[in-house]
Amino acid sequence: MFKTLINAWNAKDIRTKMLYTLLLVVIYRFGSFIPVPGVDASKIAAAADTYSILSFLNLLSGGNFGQFTIFAMGITPYITGSIIIQLLTIAIPSLEKMAKEEDGREKIERITRYTGIGLALVQSIGIVSGLQNQAQIVTNPGFLSYATIGIVCTAGTAFLVWLGERITDKGIGNGISFIIFTSIVSSVPQVIVSLVSNVIMGTYKWWILPVLLVFVLIMVAGVVAVDRAVRRIPVQYAKRVVGRKMYGGQSTNIPLKANANGVMPLIFAMTLMQVPGMIGQFWPNSGFYQFYQKYLIPGQTAIGGIVYYVIYALLIIAFAYFYSSISFNPIEISKNLQQNGGFIPGIRPGKPTGEYLAKICNRLTLFGAFFLMLIAIIPALLMSSFGLNSMFGPTSILIMVSVALETSEQLESMMLMRHYKGFLG
């Protein structure tokens with residue numbers, strides 16, 4: 001990875017993209033020090049440490065929620081909006097038809113953007129209103145104060161969405177994933193200092209540090225190994241004569257990654273698991289919120305932990321298959337192979353090829369989903385048994401490593417395309 005970064009830095013056009021991405025990240029971090037007016041940040045920070053839902057939001061926002069800056073809502077509302085719109089695309093025929101049109105993807109993206117911004121407004125006002133009844137976090141309660149808080153937080157989320165799109169278009173990597181990556185990385189020094197301080201003070205045993213270090217190294221190695229794992233489907237092209245020339249007769253393969261969906265199913269599952277709690281914050285004394293606290297928060301009750309992790313695992317598997325169905329179309333690939341005289345040895349062209357590719361894809365998707373599920377759940381249970389209750393855990397490490405590998409692969413692709421262009425030129 002470091003060699004790839006050095007080689008990419010030496011290429012002027014790629015270096016420009018890297019500097020552009022770095023500039024936008026610096027702007028994001030500078031914005032993390034601009035507070036929202038009219039809010040007592042110290043009481044918000046105390047609430048973030050009390051409620052696991054708010055701790056999760058604070059983690060994905062890079063600590064912005066705890067300090068209640070203009071980026072307090074982070075990119076989470078946009079992710080939630082993306083989940084809602086993609087699910088509605090399957091359920092509503094008009095949206096499904098729109099997604100298949102030539103400019104349909106842009107329309108869907110625009111709808112997703114507006115939905116995310118609308119959710120940011122609702123969530124920011126709802127969370128502040130819910131906490132106001134318990135902690136009096138608004139210094140001067142009133143319509144104007146709530147409107148200001150909602151507008152500022154919504155503008156912050158809209159700006160982050162814009163930054164993410166600019167990184168995707170003109171920078172390096174997936175912009176939304178990169179913002180989440182930056183947010184989590186910014187929390188690493190604080191987590192390390194807190195962990196070492198607790199060990200020195202005697203809150204944690206001394207052997208926690210070496211155990212965690214080995215644990216992190218094993219996790220990183222496992223994530224890298226699975227991310228690099230590829231199932232190669234052999235493809236043979238038949239020989240054909242056109243005029244006096246012979247074409248085809250070549251052998252190639254279709255590379256299918258073991259975890260082609262990356263970390264997105266996990267992020268979506270994490271976000272969706274927090275939605276009921278965010279809704280329940282509006283009515284803290286309701287039966288719905290009491291049900292949520294009893295059955296959908298790990299650590300509160302034994303049955304709550306079981307139900308939480310079962311639903312969490314099922315959501316990861318469901319989103320893995322959902323993303324796979326969007327990104328990989330075996331029928332289209334089988335048609336393209338047949339039209340170009342290609343076939344998989346031992347498999348008849350056409351429909352049997354599509355069914356074979358679908359079967360392989362389903363197996364790989366299930367493997368990737370189980371890998372994400374194990375990485376997200378088992379280490380979290382082990383950390384809980386050690387008495388470590390920080391929201392920064394295995395999932396955070398998985399997101400950081402996955403985004404870093406994804407960005408490195410994009411740099412390698414850019415370098416490869418650059419060499420090809422130079423060769424053809």
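In which sense do strand S1 and S5 pair, and over how many bridges? Strand S1, which spans residues 230–237, pairs with S5 in the antiparallel sense over 2 bridges. The model is a predicted one.

- The open sheet is formed by 3 strands in the order S4-S1-S5, and the pairing is antiparallel.
- Strand S4 (251–257) and strand S5 (342–343) stand at the edges with a single partner strand each, so one side of each is left without a neighbour in the sheet.
- Gln236 has Phe343, in S5, as its bridge partner.

**Helix H2**

- The buried residues in H2 are Ile14, Met18, Thr21, Leu24, Val25, Tyr28 and Gly31.
- These residues lie on the same side of H2, because they cover an arc of only 145° around the axis.
- On the face of H2 turned away from its buried side are the exposed residues Lys12, Leu22 and Phe30.

**Asp227**

- Asp227 is located in helix H11, which consists of residues 208–228.
- Asp227 has a relative accessible area of 10% and is therefore buried, as values under 20% count as buried.
- Leaving aside residues up to four places away in sequence, Asp227 touches Lys257, Leu405 and Glu409.

Key:
Residues numbered from 1 in each chain as written. Predicted model: local features only at pLDDT ≥ 70, side-chain atom pairs only at ≥ 80, totals over all residues. Heavy atoms only, no water. Helix = DSSP H or I, 4+ residues; strand = E, 2+ residues; numbered from the N terminus. Buried < 20%, exposed > 50% of the residue type's maximum accessible area, 1.4 Å probe, protein only. Contact = heavy atoms within 4.5 Å. Pairing = 2+ DSSP bridges. Arc of directions from axis to C-beta.
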